[in-house]
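Hi everyone, thanks for coming. Let me put the structure up on the screen, and then we can walk through it together.

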Amino acid sequence: MGSFCLPSIITYLSNATMSKNKDGLHALSKAVRIQTPRTWQMEHSTPLYLTSSFTFEQAEEMKGAFADENDENIYSRFSNPNTDEFVEKMCALEGAEAGFATATGMAAVFSSIFALLKQGDHLLCCSSVFGSTFTIVTKYLPKYGIEATLVAANDKDAWEQAIRPNTKMIYLETPTNPQLELIDLEWAGQLAKKHQLILNVDNCFATPLLQQPINYGAHLVVHSATKWIDGQGRVLGGVIVGDAALVKEIYLFCRNTGPSLSAFNAWVLSKSLETLDVRMQRHCENALKVAQALEKNEHVSWVKYPFLQSHPQYGIAIKQMKSGGGILCFEIKGGVEAGRKFLNNLNMLSMTANLGDTRSIASHPASTTHSKLSEAERLAVGITPGLIRISAGLEHVDDIIRDIEQALEKSK
Ligand SMILES: Cc1ncc(COP(=O)(O)O)c(C=O)c1O
C-alpha cells in the first residue's frame, strides 16, 4: 500500500484488506471509519506503525514491490499504514482520487509546485498567499528558472491578462491568510479549464468540511494539517490530494526528495479527522459570534469574517462555503502601538504563531511576523497597522468575547 493512494490502491484497501467495506458510506463516516486492516490483536483503534521499513518473505515479492507490481510497503519515506489511512480519509473528505501526506503544510505547497513545474514554466499566483508560500513563489521559483506573476485576489481581469503561453499552474488560497480575502472557486475552475492550466488550491482555512475545491474544477488541493485538521496544536503535517496522475508525479518527487509525513504524526492526524466535523461546527459558531460582537465595539474600525454581510466577498462566501471558518480579523483603532497593547492585555487568549487550535489565539502581524517590513511593504501585502487575527477556539464563546473586549478597552 502506498501513502500515494491511487484508485487501484484504494480499491485494494477497501476490498481486500479493510476489515469491512467502506464503499457507500458518507465521506463524514469514512473520516471516522477508514482504518488500517485489523491485526490479530483485534484492536479497535488503529495501531501505530513506527517502523522505518517493511520486510518481505520472498525476494520475488520485494522485487515486485520495487517494480510497482504490487502495493507492498517498502520504506516509510514512500508509504506507511498510518499515512495511508490519513491520506485515504483526506481523499474521501475532499472527493479526491489520490493523495500524498507531507511533514508540514509548506512541504505540501512546495512539492505540489516543484514536482510539476520546470525551468521556463510560468505560475500564476494570488498575491495575498501565506507568507512562506509568497517566499517560495518570489524567491525560490526564480532561482530555478520558473517564472511567477502575482495577481490581486479579486482582480479577475488581471488573472486572465497575466496568463502566458508558458503558464502551467494557477495557485491560490481562499480564504487567504491573514486578510481573509475570498476567491470565487467556480470562476477559477473555469479559468483553469479554458486555458488548460493546473488549478492548485490551498484549502487550509476552510477545510474540506466547509469547501471542496475539487467540486469547482481544482486539480490539486493542499493543506497545512497542522491547523484545523490536527486542531489541537500538537503536530505538524501536510497533505496534497487531487488528480491521480498529478499526485503520482508529486509522490515520485517526494519519495525521492523526502518530505514525507511521519507515521506518528499521521496517526495523530487520522484520529483528529474523526472529530473535525464537530470541531469545525463549534469553531465557526464561535468565530461568527465574536465577529458580530466586535462589529459593535467602539475600539475597532472594521471586522472581517466571510459570513458577515459586510465582508466584501460575502456573496462568494455563501456560494462556496458551508460556514465562515474559524478565523476572523479586525483593525484595532490606534495602529501598531494599540495592537501591541492589545496582545499584552489578553488574559485567556494565547499569543502564539499558530491557528486552528482548541484554544483561541490572537496575533498582531505588524508587531510580530511582519515587524521587519516597512509600513509601506506591510501595506502592499495587506497588513494594516492594527490588523489583529483571531483564531476562535472551543472555549465558551462568552469567555472569548469578554477577554477580547477587556483587552481592547486597555489598548487605548
Ligand atoms: C494557509 C496556509 N498554508 C500553509 C501553511 C503552512 O503550514 P505549515 O506551518 O504546516 O508548514 C500555513 C501556516 O500557517 C497556512 O496558514
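How many residues surround the ligand, and which are the closest? The shell has 15 residues, and the closest are Thr104, Gly105, Met106, Ser224 and Thr226; here a residue is near a molecule if its C-beta atom, placed from the backbone, lies within 6 Å of it. Before I go on, two housekeeping notes. This is a predicted model, in which local features need pLDDT of at least 70 and side-chain atom pairs count only at pLDDT 80 or more, while totals for chains, interfaces and linings use all residues. Residues are numbered from 1 along each chain as its sequence is written.

Helix H5 (residues 105–114) gives the largest share of the shell, three residues. Helices (H or I, at least four residues) and strands (E, at least two) are DSSP runs, numbered from the N terminus. By class, the shell has six nonpolar, seven polar and two charged residues. In that scheme Ala, Val, Leu, Ile, Met, Phe, Trp, Tyr, Cys and Pro count as nonpolar, Asp, Glu, Lys and Arg as charged, and the others, Gly among them, as polar.

Now the domains. The assignment for the protein chain gives domain 1 (7–273) and domain 2 (276–409), with bounds from an automatic or database domain assignment. Their centres, taken over C-alpha atoms, are separated by 28 Å. Across the boundary, 27 residues of domain 1 are in contact with 29 residues of domain 2, contact being C-beta atoms, placed from the backbone, within 7 Å. On the domain 1 side, helix H2 (27–33), helix H9 (207–210) and helix H11 (263–273) each supply at least two residues. The largest share of that side, three residues, comes from H9. That side of domain 1 divides into 14 nonpolar, ten polar and three charged residues.

Next, the sheets. Seven strands make an open sheet in the order S1-S7-S6-S5-S4-S2-S3, with mixed pairing; two strands pair if DSSP finds at least two bridges between them. Strand S1 (98–102) and strand S3 (147–151) are at the edges, each with a single partner strand, so one side of each has no neighbour in the sheet. Neighbouring strands of this sheet are turned by 20° against each other on average, direction ignored. Inside it, strand S4 (residues 167–173) and strand S5 (residues 198–202) pair in the parallel sense over five bridges, and leucine 172 has valine 201 in S5 as its bridge partner. Helix H10 (residues 244–257) lies across S1, S5, strand S6 (220–224) and strand S7 (238–242), at about 30° to S1. Axes are lines fitted to C-alpha atoms, for helices over the stretch in contact, and angles run from 0 to 180 degrees between N-to-C directions.

There is another open sheet, of five strands, in the order S8-S9-S12-S11-S10, again with mixed pairing. Why is one side of strand S8 (300–304) and of strand S10 (350–351) left without a neighbour? Both stand at the edges, each with a single partner strand. S10 runs parallel to strand S11 (residues 361–363), joined by two bridges, and serine 350 stands opposite isoleucine 361 in S11. Helix H14 (residues 335–344) packs on this sheet, touching S9, S10, S11 and S12, its direction making about 125° with that of S9.

Is it buried or exposed? Asparagine 344 is exposed, because 11 other C-beta atoms lie within 10 Å, and the cut-offs are 20 or more for buried, 12 or fewer for exposed and partly exposed in between, with C-beta atoms placed from the backbone.

How values were computed:
Two residues are in contact if their C-beta atoms, placed from the backbone, lie within 7 Å.
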